[in-house]
Amino acid sequence: MNKRTIITALLALVALTGWAQSTKTATITGYSPALKDGTLVLAGTGTIGGVVDTVKAGRFAFTLPVEELTDCFLSLMGDGCPNFGLTIFLSPGVNVKVSGTDCLYPLWKVESPLPEQQTERRKTEYCHDVIAEFLQMDLDNKPWTERAPVEMKYTKQQMDILPSLPADAAAIRTLWAISMTAKNTKDFPYMEELKQLEKSFAARAPKGFEERLAEIHNYVYPPRVLQVGEDAVDAELLDMQGQKHHLSEVLGQQGKYVLLDFWAIGCGPCMMSEPEMREVYERMKDKLEIVGINQNRLPEWQKHEFSKRIVWKNWNNAMKDVSSRYCDIGAIPYYVLISPEGRILWKAMGYNPGWFFGIADFVNGLDIRQDNSANYHFSVRQINADANSTIVGFRYYGHKDYWFRFVKDSYLEANGKKYKLTSADGITLDENNYPNVKVTNATEGFESGLSYTDFILTFEPFDNIPAIFDFKEGDGEGAFVIRNISFKH
């Protein structure tokens, strides 16, 4: 099944609303004669950012709130600009100037009084040629299969230069990024070298980096990731007041499911999912507990306005040791649904509108017993079987602007035999279909478009009515299955 989805990015850029107010700032000015008027300037500290200026006559300037030494990302969005980021280190009162003669801003000169920026410069100069190659591939829209080897070459060059760099914020940030890449890369080719780097930096880093070093250690030596069907495990987390909590406080409650929501400030899909989750939570909080597990540094999370409006359990895991146990990949949002008995039922990355309404139906108890965890957008709502046909009624949750398809090659399977789809009512097979019945009373924003649609599919009759059967949306790539559909609840 093909459907339009929300692309998840670890550092998705969002509007600056909710950025913590600060009387301390740092200023960045930039210039290149190659920049076209109207080019957007995006920047932020940590994972919080957005549009901060628009280029005019090749120039831009902006200030950012800064409480202490921190890293800033700078990105330009316009003709000739690659989809990349320039890392700049800031502290209160610092003025930084960036300049170049082209649009390849990650390679521009950065004038700063901070020693961390000099560390960053040394790394960039050492890796200059491979960065330039990668930027050009981005501008040429080369496929990822061609870009991936270049990115790995860049990773290796950074590892080669790291031993000669001071163990400061810039070098440790680079090691952190490499360790995250290693965690998310199957058979990472330089793991032994990375382990030596991790050990070296842990020994020579000054005080103040304990949290980041612990996170790096978790990436380099990740624990075994829990899988669907296994029991959930306890973990320690912090609340907004810095008090300790444990997952065991919510796991295994009589009759209550638990949804773990791994998220971070600055992740657009994480924040986009909040209205649907809130609606479902208000409807189902007697049966469903939600635990938000934030991945930001504690002060950044505590000060942000979005964090303060979360109504379910709102806890923090900046070192990401909890996500290392539950999440198969270091990307957000990431969701884990746990049964009242403490067993992991479902895991998924990214936000797909309608998922949580489907989960709410599952938690509330569908009239037809089934395992629809492969795709909570869909559920079976009715079954009628006789000697002439088998009629199955479905519901789909999604957004009114996002289509879904059912292929004509869909079928039911029971006792090792396939029963073909013969007709559809309420949708058109092999074409785009859109949900059309509103789920919420919302009249504005993305939430107002959340909808569902009911439809019926008719299949060949069963030879003998089975106790259970499966629905399969064809055999093509991306096809999903609803398993163990039962006539009896």
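This is a predicted model: local features need pLDDT of at least 70, side-chain atom pairs count only at pLDDT 80 or more; totals for chains, interfaces and linings use all residues.

The dialogue below takes up aromatic pairs, charges over rings and salt bridges in turn.

Q: How is a pair of aromatic rings described?
A: In general, such a pair is described by the distance of the ring centres and the angle of the planes. In this structure the count comes to 37 aromatic pairs. Phe404 and Phe406 are both buried. Tyr419 and Phe462 also form an edge-to-face pair, at 4.9 Å centre to centre and with 75° between the planes. This pair links distant parts of the chain, for Tyr419 belongs to strand S19 (residues 417-425), while Phe462 lies in the loop between strand S21 (450-459) and strand S22 (468-472), 43 residues apart. Tyr419 and Phe462 are both buried.

Q: Which residues form one aromatic cluster with Phe404 and Phe406?
A: The cluster also holds Phe378, Phe394, Tyr396, Phe455, Phe459, Phe471 and Phe480.

Q: Where does the charged end of an arginine sit over a ring?
A: The charged end of Arg212 sits over the ring of Trp176, 4.4 Å from its centre. The charged end of Arg395 is likewise placed over the ring of Tyr452, 4.0 Å from its centre.

Q: How many salt bridges are there, and how should I read one?
A: In general, side chains of opposite charge can pair when their charged atoms come close. Here the count comes to 28 salt bridges. In one of these, the side chains of Glu125 and Arg121 meet at 2.9 Å, N to O; both residues lie in helix H1 (residues 115-126), 4 residues apart, which is about one turn of the helix.

Q: Which salt bridge links Arg381 to a distant part of the chain?
A: Arg381 forms a salt bridge with Asp361, with the closest N and O atoms 2.8 Å apart. Arg381 is in strand S16 (residues 378-385) and Asp361 in helix H12 (residues 355-364), 20 residues apart.

Q: Is Asp361 buried or exposed?
A: Asp361 has a relative accessible area of 17%, so Asp361 is buried, whereas Arg381, at 30% relative accessibility, counts as partly exposed.

Q: Why does the salt bridge of Asp463 with Lys417 tie together separate parts of the sequence?
A: The closest N and O atoms of Asp463 and Lys417 are 2.7 Å apart. Because Asp463 lies in the loop between S21 and S22 and Lys417 in strand S19, the pair ties together parts that are 46 residues apart in sequence.

Definitions and conventions. Residues are numbered from 1 along each chain as its sequence is written. Side-chain values use heavy atoms; hydrogens and water are left out. Rings of Phe, Tyr and Trp (its six-membered ring) pair if their centres lie within 6.5 Å; planes under 30 degrees apart count as stacked, over 60 as edge-to-face and the rest as tilted. Buried means under 20% relative accessible area, exposed over 50%, partly exposed in between (1.4 Å probe, protein chains only). Helices (H or I, at least four residues) and strands (E, at least two) are DSSP runs, numbered from the N terminus. A charge sits over a ring if NZ of Lys or CZ of Arg is within 6 Å of the ring centre and within 35 degrees of the ring normal. A salt bridge is a side-chain nitrogen of Lys or Arg within 4 Å of a carboxyl oxygen of Asp or Glu.
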